Amino acid sequence: MTQPVTLSTAGSIAVIEINNPPVNALSQAVRQGLLDAVVQADADAAVTAIVILGAGRSFPAGADIKEFGQPMQDPHLPDVIDRIESCSKPVVAALHGTALGGGFEIALGSHYRIAVPSARVGLPEIHLGLIPGAGGTQRLPRLCGAAMALDIMFKGTPIRAQDALAAGLIDRLAEGDLRQAALIYAAELQTPRRTREATSGLADKAAFEAALTDAKETARSRMRGQMAPLKIVECLRACITQPFADGRLFERDCFFECLASEQSKGMIHAFFAQRASAKVPEASRAEPRPLNRLGVVGGGTMGAGITVAALNSGLPVTMIERDHDSLARGRANVEQVYDRLIAKGRMSEAQKSDIMARYQGSTQFADLSEVDMVIEAVFERLDVKRAVFEQLDKVLKPDAVLASNTSYIDIDEISSATNRREHVLGLHFFSPANIMKLLEIVVPQSAADDVVATGFALAKILGKIPVRAGNSPGFIGNRILGKYGDCAAHMMEDGATPYEIDSAIVEFGYPMGLHAMYDLAGLDIGWDNRKAAQGKRNPAERYVEIADRICERGWFGQKTGRGFYLYPDGARIGAPDPEIFILIEAERAKKSITARRFTDEEIMARYLAAMVNEACEVLREGVALKPSDIDVTFVHGYGFPRYRGGPMNYADSYGLARMLDDIRRYGQHDPIFWQASPLLIELVASGQTFNDLNKG
């Protein structure tokens with residue numbers, strides 16, 4: 001069996017190599033092997049310096065997350081790093097790939113750092129609801145100051161080796177072979193240089209304090225409700241006010257406090273759920289088809305966003321529009337995205353030109369004859385989409401994949417317009433499509449396995465987070481949204497204002513409230529869907545007409561300056577509208593409803609119960625493969641707070657029996673709407689959780 005850590009020598013230089021594929025995660029065996037090798041090399045009189053490097057594709061890329069939630073085993077990483085830093089001989093960390101989390105903390109605890117230009121370093125623990133726990137909050141600011149240290153830890157995104165070099169986090173870039181360059185560097189060094197003794201980043205006390213104040217405000221506003229950002233600020237304050245050893249112990253206490261929190265458990269759940277969402281049966285049974293060129297039909301907001309996402313990934317795109325004026329607008333929509341980046345200094349004109357060289361526009365469907373996949377992104381109407389698919393069926397090559405970007409419409413109905421139904425699937429992008437990560441891959445009845453696999457391959461190329469969805473109205477996300485949206489409408493008609501509902505939702509952790517989201521998306525979209533479904537609606541079910549009354553006035557949200565909220569002078573953040581109160585009161589009066597007060601707790605209990613209950617039906621019908629897929633959908637597509645893990649994970653922590661009791665209690669007043677899902681009843685009776693279903 002291959003040892004995870006090996007010790008060898010090259011002349012008088014000891015070489016410690018970590019080999020724990022695929023990313024050299026810092027498991028207990030790696031930590032023990034690293035400690036033993038450092039102690040042995042330090043004690044060897046023939047050794048003058050030590051090089052630590054990673055085998056394979058990366059320097060250690062962080063902790064072994066599978067160990068989280070289990071008793072910590074010795075040696076602990078902070079102790080290993082302290083021993084590295086205490087070495088009597090110079091220690092060089094040689095970095096390639098991604099030196100992240102504990103891996104970067106090892107590098108910070110080493111005396112010197114050399115990296116290949118393509119390397120990336122960072123401390124991404126905040127994405128798991130954690131803080132760096134092996135000295136990162138104490139060593140990093142000593143080298144680069146508080147402002148950059150906070151930026152690295154708050155964003156959690158890796159930085160380039162060149163930027164790390166400029167900040168003093170890396171000492172040298174390696175030209176050519178990293179191992180050889182590290183050996184040459186180590187041979188030049190005479191004495192250790194311990195980061196815990198560095199003072200350059202602490203010298204400007206006023207700048208350090210100002211950075212802490214700004215970070216605290218950022219944590220409370222843009223990262224509201226999260227524990228880890230505020231703990232990072234506290235640790236950096238300890239860095240400047242306490243000796244290193246005390247600051248390191250304080251950091252460790254904060255780390256374990258975060259690790260034991262429901263927030264960290266939720267974010268770790270979300271991390272693994274995201275990894276699992278791409279594992280679908282079709283992809284295990286078939287290889288994806290080639291994807292070298294893409295077609296997009298429609299140059300509106302969604303079509304342009306999809307085009308930008310594809311161009312950014314390196315795919316050539318042919319955009320089709322119905323006439324030359326529409327095509328010009330479509331190209332302008334694409335270029336507008338890049339022009340904004342240029343205005344912000346994030347892109348050059350030359351870079352834009354290189355990207356746009358992959359773009360081709362046409363008004364002729366025949367120009368799609370050689371594309372591997374075409375994505376239709378036209379109006380959200382079945383007849384329009386079917387007409388497009390009839391045209392595509394005539395011109396596409398036999399093995400091309402046909403996809404519809406739709407948020408509600410039946411993919412089987414769309415595919416029936418072709419003679420190649422097995423080549424069709426749904427791709428529900430979220431707006432703006434070039435930014436939002438979620439991609440619902442909708443699988444109709446006839447879709448071939450390799451077509452589904454191709455959808456997931458496209459998601460990977462575009463950098464999207466894919467979730468497999470069955471072909472049900474609204475698929476996973478919008479179907480569930482419809483249910484808890486109805487619940488919110490019921491509460492609004494019964495006495496809660498839209499602003500009270502939104503306030504409770506934001507306080508729970510969402511970035512915006514439901515009605516603000518409706519305004520942002522455009523109230524006319526939901527209105528069109530409601531009108532289309534009018535003949536199919538069960539007349540016995542409660543229907544709230546408040547949103548219809550708003551739309552009848554031409555108030556469609558932000559784009560018209562008015563919806564549930566007022567948006568004076570093009571404001572992006574709405575203000576409450578007094579006329580909405582009058583309109584709601586008139587609707588209540590029609591139905592002889594006496595308004596009552598709702599607490600924030602009741603608003604959220606009802607809202608989440610409706611969400612989870614419908615999610616159970618989505619699971620029971622096989623529209624979602626597993627509960628964690630629903631969590632991924634809502635975290636990445638609907639703003640559900642990541643630190644709560646998603647609605648299904650939240651329901652487990654809330655208690656399924658308690659949620660079932662809530663549903664039955666609400667059902668006493670509205671039994672048609674509040675019908676407990678048989679799956680939820682079954683889980684409560686068996687004592688199982690949604691997490692048990694994920695494991696099964």
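How do the residues of the lining of the second largest pocket divide into nonpolar, polar and charged?

Tutor: Before the answer, a word on the model: it is predicted, so local features need pLDDT of at least 70 and side-chain atom pairs count only at pLDDT 80 or more, while totals for chains, interfaces and linings use all residues. Residues are numbered from 1 along each chain as its sequence is written, and side-chain values use heavy atoms, with hydrogens and water left out.

The residues lining the second largest pocket divide into 8 nonpolar, 9 polar and 6 charged, where Ala, Val, Leu, Ile, Met, Phe, Trp, Tyr, Cys and Pro count as nonpolar, Asp, Glu, Lys and Arg as charged, and the others, Gly among them, as polar. A pocket here is found on a 1 Å grid over the protein atoms alone, as an open set of points where a 1.4 Å probe fits, with protein on both sides within 12 Å along at least five of seven lines, and lining residues have an atom within 4 Å of a point. The second largest pocket holds about 630 Å³ of space, a volume being the space filled by probe spheres set on the points, which are joined across faces, edges and corners. Of its 23 lining residues, Lys 265, Ile 268, His 269, Phe 272 and Asn 691 are the closest to the centre. Two or more lining residues come from each of helix H9 (244-259), helix H10 (262-276), helix H26 (647-654) and helix H29 (690-695), and H10 gives the largest share, 8 residues. Helices (H or I, at least four residues) and strands (E, at least two) are DSSP runs, numbered from the N terminus.

Arg 285 is exposed, with a relative accessible area of 54%, whereas Asp 449 is partly exposed at 25%; buried means under 20%, exposed over 50%, and partly exposed in between, with a 1.4 Å probe and protein chains only.

Another salt bridge joins Asp 548 and Arg 530, whose closest N and O atoms are 2.8 Å apart; Asp 548 lies in helix H22 (residues 546-552) and Arg 530 in helix H21 (residues 523-532). Asp 548 is buried at 8% relative accessibility, while Arg 530 is partly exposed at 23%. In the salt bridge between Asp 577 and Arg 562 (2.9 Å, N to O), Asp 577 is buried with a relative accessible area of 1%, and Arg 562 is also buried, at 19%. Salt bridges also link Asp 79, Asp 82, Glu 85, Arg 139, Arg 196 and Arg 248 in a network.

Finally, the whole structure contains 0 disulfides, a disulfide being a pair of cysteine sulfur atoms within 2.5 Å. The sulfur of Cys 235 is 4.0 Å from the closest cysteine sulfur, that of Cys 254, which is too far for a bond, and Cys 235 is buried at 0% relative accessibility.

Definitions and conventions:
Salt bridge = Lys/Arg side-chain N within 4 Å of Asp/Glu carboxyl O.
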